Amino acid sequence: MDLSLTPEQESFRDEVRSWLAANVPAEPLGPTSTPEGFAAHRVWEQRLFEAGYSAISWPEAYGGRDADLLTQALFAEEYARAGAPERINTLGLGLAGPTLIAYGTDAQKERWLPGILSCDDIWSQGFSEPEAGSDLAALRTTAVAAGDVYVVNGQKIWTSLGRFADWIFALVRTDRQAPKHKGITFLMIDMRSPGIEVRPITQIN
Ligand SMILES: Cc1cc2nc3c(=O)[nH]c(=O)nc-3n(C[C@H](O)[C@H](O)[C@H](O)COP(=O)(O)OP(=O)(O)OC[C@H]3O[C@@H](n4cnc5c(N)ncnc54)[C@H](O)[C@@H]3O)c2cc1C
């Protein structure tokens, strides 16, 4: 097996290495569990975006670089080597965005992809519930269509970065008559919607 890098991959690695050397903050940004630390990480994400490193695996048509797996690994390796800050929009960039790219309508892509890519919108994931973890199909949160909106009732838990996220992609039950593994919808919910209460789970550390 030939494991040597192509000239393009070497050049990308060198470009990333120099950019990180020049831009990684000298001091830690502060914990993402505090408003200040989270805000500082958001600014860092936006710098990555401006430099074209927000989502290198995304297709170029949506602002990515069409990077192959090895190029993604090179980026991850350089990022870790440079001790660069924790990424805070991995759920948006790694799950919500790619799901929209694969299955979304053009209108949905236009609505959400730019904000995910620029990290103006930080996303969280609302799958787990107090009684639905490994057995996710036990989820009980419901969404009922009412005109142009859905009315959502239920509780999510273990929502990483949910305290500060702008949006959440949640699994909700939209057909209560369907078998439990069906009738589930992937709903994009604005965390600033009326009625959402966020309660942090405080950890010992
Ligand atoms: C750091 C962290 C971040 C997370 N972030 C998110 C997030 O952002 N969004 C989100 O939706 N969720 C998140 N989760 C939740 C995570 O996905 C759930 O913890 C996971 O789905 C397990 O659910 P549970 O904790 O309710 O455990 P349970 O499902 O109650 O399982 C408890 C134990 O029972 C075992 N068990 C369960 N079912 C069976 C079975 N049938 N047979 C044998 N053993 C079984 C499990 O292996 C486990 O040891 C996060 C979790 C962690 C730890």
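Helices (H or I, at least four residues) and strands (E, at least two) are taken here as DSSP runs, numbered from the N terminus. On that basis the chain holds 5 helices and 5 strands, and reading along the sequence gives the pattern α-α-α-α-α-β-β-β-β-β. The model is a predicted one, where local features need pLDDT of at least 70, side-chain atom pairs count only at pLDDT 80 or more, and totals for chains, interfaces and linings use all residues. Residues are numbered from 1 along each chain as its sequence is written, while side-chain values use heavy atoms, with hydrogens and water left out.

As for overall dimensions, the C-alpha trace spans about 55 × 40 × 35 Å along its principal axes. Of the 205 residues in the chain, 39% are buried, where buried means under 20% relative accessible area, exposed over 50%, and partly exposed in between (1.4 Å probe, protein chains only). Contact means heavy atoms within 4.5 Å; of the contacts between residues at least 6 apart in sequence, 63% join residues at least 24 apart.

Where the two meet, 6 residues of domain 1 are in contact with 4 residues of domain 2. Together the domains bury about 460 Å², 61% of it on carbon and sulfur atoms; buried area is the accessible area (1.4 Å probe) that two parts lose on being put together, summed over both.

What about charges across this interface? The count between domain 1 and domain 2 is 1 salt bridge, meaning a side-chain nitrogen of Lys or Arg within 4 Å of a carboxyl oxygen of Asp or Glu. R42 forms a salt bridge with D166, and the closest N and O atoms are 3.0 Å apart. By class, the side of domain 1 that touches domain 2 has 2 nonpolar, 3 polar and 1 charged residues. In this scheme Ala, Val, Leu, Ile, Met, Phe, Trp, Tyr, Cys and Pro count as nonpolar, Asp, Glu, Lys and Arg as charged, and the others, Gly among them, as polar.

R199 counts as exposed because its relative accessible area is 58%. Between R199 and V43 there are 156 residues in sequence and 25 Å in space, C-alpha to C-alpha.
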